[in-house]
Amino acid sequence: MSTTETGQVTGTQDKDYNIIWFVEACLSNALRLETYVADAERAGDRELAEFFRRAQGESRKGAEQGKQLLASRLAKTS
């Protein structure tokens, strides 16, 4: 039995599933980074807090770009 999903079991092609996974990973990362920002601020480390804020912004940006790409691709198949 293959561990690779090609859409036969889930009904979602790999390329679409991969975008969905990417968006979820970016959003999860943004949430996790909120904790890291708070930890850095609590420790009084502004430099580290700002670093995590920038990383969080990039994660949000990646999620937004992934959502837009997925939406445009799904619109073409409907």
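What percentage of the 78 residues in the protein chain is buried? Buried residues make up 22%, where buried means under 20% relative accessible area, exposed over 50% and partly exposed in between (1.4 Å probe, protein chains only). This is a predicted model, so local features need pLDDT of at least 70 and side-chain atom pairs pLDDT 80 or more, while totals for chains, interfaces and linings use all residues. Residues are numbered from 1 along each chain as its sequence is written, and side-chain values use heavy atoms, leaving out hydrogens and water.

**View 1. The whole chain.** Here we've got two helices and zero strands, taken as DSSP runs numbered from the N terminus (helices H or I, at least four residues; strands E, at least two). Of the contacts with a separation of 6 or more, 54% come from residues 24 or more positions apart; a contact means heavy atoms within 4.5 Å.

View 2. A salt bridge puts a side-chain nitrogen of Lys or Arg within 4 Å of a carboxyl oxygen of Asp or Glu.

**View 3. Lys61 pairs up with Glu58.** Their salt bridge spans 3.5 Å, N to O. The two are three residues apart in helix H2, so about one helical turn separates them. Lys61 is partly exposed at 44% relative accessible area.
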